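The sequence and structure come before the notes.

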Amino acid sequence: MGARIDRVITSGTFSLDGQDFDVDNNIWLIGDDAEVLVVDAAHDHRPIVDAIAGRRVVAIVCTHGHNDHINAAAALADATGGPLWLHPADAMLWEVVNPGRPVDATLTDGQRIEVGGTTLTVLHTPGHSHDSVCLLVTDHRRGPEPWFVLTGDTLFVGSVGRPDL
C-alpha cells in the first residue's frame with residue numbers, strides 16, 4: 001500500500017504590505033497510519049490535530065514564511081510535540097507571527113525527510129518569498145521515481161502562482 005495523504009482546508013486572513021485577504025489554505029499530511037509530516041499549518045491547528053488522529057508528527061514543515069502558511073504552526077507543535085521546520089531565509093517573517101518562538105530546525109536545499117516509507121526532498125525555490133521551498137515526494141512502495149511535488153505558493157491551481165515577490 002502507498003503513502004497516506006490527507007488534505008485539510010482551513011480559512012483565514014493573509015496579510016501582506018498592509019492589506020488583508022480572506023483565503024483558504026491546503027494543509028497536507030503525508031505518512032502512514034503510525035507517523036505523519038504536516039505541510040503548511042495554516043489558520044487553525046484544531047482540524048489539523050483531528051486529521052493527525054494520534055499519529056506521531058515527524059515534523060511540521062512550512063513551505064514559506066507568509067503568515068497564512070505558519071500562523072497555526074506553533075499551536076500545532078504545542079498540541080502534538082512535532083518539531084517546526086522552516087528555511088532560514090525568511091526568519092524575519094516567522095518572528096513577526098511567532099515572536100520569541102524559534103523554529104526547531106532549518107530546511108536546506110536537497111535535504112531528505114523520511115516518513116512512513118516516503119521520502120520528501122526539499123527544493124529551495126525562492127521567488128514567492130526568500131525562503132520558499134517545494135517538496136518532491138517519492139513513495140518507495142510505488143517505485144524509485146518521484147510521485148508528485150508539493151509547491152506551497154510557488155504554483156497555484158489554475159495559475160502560475162506568485163514567484164515575483
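The notes below begin with the basis of the model and then treat sheets, cores, a helix, a strand residue and the cysteines.

The model is predicted, so local features need pLDDT of at least 70 and side-chain atom pairs count only at pLDDT 80 or more, while totals for chains, interfaces and linings use all residues. Residues are numbered from 1 along each chain as its sequence is written, and side-chain values use heavy atoms, with hydrogens and water left out. Helices (H or I, at least four residues) and strands (E, at least two) are DSSP runs, numbered from the N terminus.

- β3 and β4 are paired in the parallel sense over five bridges, and Leu-37 stands opposite Ala-59 in β4.

**Nonpolar cores**
- A nonpolar core is a set of buried Ala, Val, Leu, Ile, Met, Phe, Trp, Tyr and Cys residues joined through side-chain atoms within 4.5 Å. Buried means under 20% relative accessible area, exposed over 50%, and partly exposed in between (1.4 Å probe, protein chains only).
- The largest such core has 21 residues, and those with the most contacts inside it are Leu-29, Val-38, Ile-48, Ile-52 and Ile-60.
- At least two residues of this core come from each of β2 (19-31), β3 (35-39), α1 (45-52), β4 (56-61), α3 (73-80) and β5 (84-86).
- Another core, of 16 residues, lies apart from it and includes Leu-37, Trp-85, Leu-107 and Leu-135.
- Leaving aside neighbours within four places in sequence, Ile-52 is in contact (heavy atoms within 4.5 Å) with Leu-29, Val-36, Val-38, Val-57, Leu-76 and Thr-80.

**Helix α3**
- Ala-73, Ala-74, Leu-76 and Ala-77 of α3 are buried. The buried residues fall within an arc of 160 degrees seen down the axis of α3, so they line one face of the helix; the arc is that of the directions from the helix axis to the C-beta atoms.
- Gly-81, which follows α3, has a positive phi near 80 degrees.

**Thr-106**
- Thr-106 lies in strand β6 and is partly exposed, at 43% relative accessibility.
- The C-alpha atoms of Thr-106 and Leu-86 are separated by 5.1 Å, although the residues are 20 apart along the chain.

- β9 (residues 133-139) and β10 pair over three bridges, and Val-137 stands opposite Phe-148 in β10.

**Cysteines**
- Cys-62 is buried at a relative accessible area of 1%, and Cys-134 is buried at 5%.
- The count of disulfides (pairs of cysteine sulfur atoms within 2.5 Å) is zero.

Definitions and conventions. Pairing = 2+ DSSP bridges.
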